Amino acid sequence: MQRFIVGRLIQSVVSMFVVSIVVFALVRLSGDPIQIMMPAEATQKDIELMRASLGLDRPWPVQYWRFASRAVQGDFGRSVRFRRPAMDLIAERYGATLELGGLAVLIVIVVALPVGVYSAVRRGSALDYTARALAALGQAVPPFWLGLVLVLIFGVLLHLLPTSGRGTPLHVLLPGITLGWFAVAGLMRLTRSSMLDVLGSEYVKLARIKGLPERQVIWKHAFKNAALPVVTFAALLFVALLNGSIIVETVFGWPGLGLLVIEAVDSRDYPIVQAVVLCLSAMYIGVNLLVDVLYAYLNPKIRYSS
Amino acid sequence: MAGSINRRAFLKRAGTAAAAVMGAPLITRGRASAANDRLVAAVGQWGTKTPFAWRTVQAEKPLWDCVYDSLIMRDPKTFEYRPGLATTFQPSNEMRTWTFKLRPGVKFHEGWGELTAEDVKFTVEQNLKPDSGGGSAPFFRSQLDRVETPDKHTAVMHFKNRVWEVPSLFTQFVGYQNTISKKYVESVGEEKAALHPIGTGPYRHVEGRQGDYHRFEGVPNHWRKTPAFKELVIRRMPEPATRLAGLRAGEIDIGQVFGDYLDQALRAGLRIQEAPQAACYWVILSGQTTPDRDDYCPTCPWAGDPNDKKSLENARKVRVAMNLGVNKKAIVSALWKGKGAETPFSYYYYPFHKGYSTDWKVPSYDPDRAKRLLAEAGHSGGFEVRVNPTVMAYALDGPDVMEAVVLDWEKIGIKAKRFPEMISTFGPKSRNRKTNKTHWVYGSPPFDEPVLAWNRIIHSKGAFNLLCEGPFDEDIETIMKEFDADKRARLTRDLGQKLYDGHYGVMLGIKSITWALSKKVASWQTLAYVPVENNYEYVS
């Protein structure tokens, strides 16, 4: 097991290294940041001084080393647009993203898992058909449209919930539901199909023959085994939802990371783009590592085949 | 199978969970509505988030102007000068010296002391820093000799030359000089001061988050106007549908609406406030600059080679074609919902300016003639252009208008490649003439005289290049040196004619700006001709 974990850790470090090189290169290929930092009448000398002060006059490998060594300390430089440290801006927005993603994850888990299990157990029932129809609809409806409809109903017509912004706990409900809706549909379908596979297996039949209560058969024997693909999907989904959704954040004026990064891309604010992409990549890689370890723990076959 | 998970039990649990989620809002609070003493304005765009005069561009005005007072205010209806922080502003020494007498007893927020001449001097001198990118910085760098402060309430500015335009630089609009507290900036540093600006205006900055919102508090017994609303929240809401939803739900009190959203606001029964003829629109055809600039493009069909007369003639034909190929009436009727006009033609010439002529109309839509002109200029097969569909504070519908223009251009063979980039970074590139010859839609604010704008945007030493620069330096300098207002108006009109005839940009006309208001807003005295939110203290 230790060897397995060490192997996965090395793979993760290599992945982060590759990501950092790609981000570093792509950002520099997208344009010269000095262009937007200096006033029109700046002399060539002023420009050169600024370039030197930012270290942009050095060879790329030197620049990369400077970037990477600072990045591991959480220093991604100053935002070109806001003239503040990039990490400060990210930290300022991350709370909003966690709040939104957290609610979306909660909605997904509370709704998708039980409905998925029930649909599988009661296959062919009215509720199964309804849940499947809703799942199809959930994946087909674009989030911006759903968001606007929810705003219209709950904000404009019923005056129950705020239409945009962040402040009270009420503000997160509509964007959270909008963000979670799509994921609910996906996870519900996956749970249902995994459960259907497991429910037809010999050990579930044996459990029933043994006279175990149905609740125990479903949740202890069937669901536990059906949960493996669900765990993988849910873990990555969790990261995806935490990263926020650009569309949902735009529709609801939600001041999260998604909005910050899309505007940073639009405004060629490379310190923010680098910081956000690297942080998100680290999260993805970290969660993947955790899932791998969890898998290996749950299923020894994976451990030994690796 | 029975017992453990049946439909009834499942529905009961699911129903309880759903009720808890849906009912939570009702238990905690009825609804999120703006309090009666709070005014919420939703602004589509603000710029680089700095309140400092020496760094700012006009895009910051809807956000920060409420924190400051100007040395010179304006009559909201006529746009004429009125005393502000300066009770008088007099020239002497043939307009080489300007003396500002300051209003005594005006206090900076949060106990940062009384406004003095030292604060005015400090503010103005920040423009002299080499990295100052503000719109007035080039003027001060080239013209200001020194600022003297003979007493606490007198600031005397000495200029190297005779300059008549000085008052314009210190006006409520479009002057850039928000007078700041020297003591405050020196104490906390520019970076911190930018996040929490201190001014003398009718609203005090309380807190905020960059790119999201800022909260202000009305200053009691303000020397000029005590705001009717104790609290002002300015939220950045780029998405017009979200702004409209907020207005309809009563969460927002002031929000700009345009296009289809204007129709929807009217259908929803929202009151509309209009600033008629507020923003001159045109498409900036980048590349028309001087050889020492990166954007210089003698081979661009619309720019031409200044050393080749034939090339310049062809370039003019191409620009005329680019004008004729765009259906301006369709833009006015479909995108602006009729809230616009064909005159003035564009380029900062407003109806209140001397020399303004209704004869200058935007060129009519004539795609056939446009194609013929392109063929005559040697571009029968068309050519490719780069465009940036960007939103700017004075043209929130910039991307829509750009798209309309591009679709029309494609019909005459001009193919567009879209390179969207936010104005916060594209703007500096434009100022540095490093846009890679990218065209974009511009909406102008009003200046006291068109030449004051032209001096900034057409003169090759100006802060910006928003039309063409180089050919008219001499004309502009002649006008700027003319101290007789009537003669200046005649010269301005002559140059206006040259700009009109040259078709240097794609003239789209002038747009009226419309805001939807909540029931909480009884009246709002905005500044005439000003295309962005202003005068929040005059909302009642």
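A residue counts as buried here if 20 or more other C-beta atoms lie within 10 Å of its own. The legends below describe a predicted model.

**View 1. The buried face of helix α16 of chain B.** Helix α16(B) covers residues 473-480, and its buried residues are Ile476(B), Ile479(B) and Met480(B). Seen down the axis of α16(B), these buried residues fall within an arc of 100 degrees, so they line one face of the helix. Their cover includes two helices of chain B, α15 (450-457) and α17 (485-502).

**View 2. Strand β10 of chain B between its partners.** Strand β10(B) spans residues 231-236; five of its six residues are buried, so the strand is largely enclosed by the rest of the structure. Strand β1 (residues 38-43) of chain B pairs with β10(B) in the parallel sense, over six bridges. Strand β9 (residues 213-218) of chain B runs antiparallel to β10(B) and is joined to it by five bridges. Which residue of β10(B) is the bridge partner of Arg38(B)? The partner is Glu231(B). Glu231(B) is also the bridge partner of Glu217(B).

**View 3. A four-stranded open sheet in chain B.** The strands of this sheet follow the order β4-β5-β7-β6 and pair in the antiparallel sense. At the edges stand β4 (86-92) and β6 (144-151) of chain B, each with a single partner strand, so one side of each is left without a neighbour in the sheet. On average, neighbouring strands are turned by 15 degrees against each other, direction ignored. Strands of a sheet pair through backbone hydrogen bonds, either parallel or antiparallel. Between β5 (residues 97-102) and β7 (residues 154-159) of chain B there are five bridges, and the two strands run antiparallel. In this pairing, Lys101(B) has Thr154(B) of β7(B) as its bridge partner.

**View 4. Helix α3 of chain B against the sheet.** Helix α3 (residues 117-126) of chain B lies across β5, β6 and β7 of chain B. The helix runs at about 170 degrees to β6(B).

**View 5. Packing of helices α7 and α8 of chain A.** Helix α7 (residues 143-157) and helix α8 (residues 173-199) of chain A pack at an angle of about 145 degrees, and their axes are 9 Å apart. The crossing of α7(A) past α8(A) is right-handed. From α7(A), the residues Pro143(A), Leu146(A), Gly147(A), Leu150(A), Val151(A) and Phe154(A) take part. They meet Leu174(A), Ile177(A), Thr178(A), Trp181(A) and Phe182(A) of α8(A).

**View 6. Leu187(A) in the largest nonpolar core.** The largest nonpolar core has 229 residues, and those touching the most other members are Val108(A), Val184(A), Leu187(A), Tyr281(B) and Trp282(B). Helix α5 (residues 86-121) of chain A gives the most to this core, with 18 residues. Not counting residues up to four places away in sequence, Leu187(A) touches Val108(A), Ala112(A), Gly116(A), Val230(A), Phe233(A), Ala234(A) and Leu237(A).

View 7. Chain A has 14 helices and zero strands. Along its principal axes, the C-alpha trace of this chain spans about 85 × 60 × 30 Å. Of its 306 residues, 38% are buried. Among contacts in chain A between residues at least 6 apart in sequence, 72% join residues at least 24 apart.

Notes:
Residues are numbered from 1 along each chain as its sequence is written. Chains are lettered from A and ligands numbered from 1 in the order in which they are written. This is a predicted model: local features need pLDDT of at least 70, side-chain atom pairs count only at pLDDT 80 or more; totals for chains, interfaces and linings use all residues. A nonpolar core is a set of buried Ala, Val, Leu, Ile, Met, Phe, Trp, Tyr and Cys residues joined through C-beta atoms within 7 Å. A residue is buried if 20 or more other C-beta atoms lie within 10 Å of its own, exposed if 12 or fewer, and partly exposed in between; C-beta atoms are placed from the backbone. Two residues are in contact if their C-beta atoms, placed from the backbone, lie within 7 Å. The arc is that of the directions from the helix axis to the C-beta atoms. Two strands pair if DSSP finds at least two bridges between them. Axes are lines fitted to C-alpha atoms, for helices over the stretch in contact, and angles run from 0 to 180 degrees between N-to-C directions. A crossing is left-handed if the near helix is turned anticlockwise from the far one by less than a right angle, and right-handed if clockwise.
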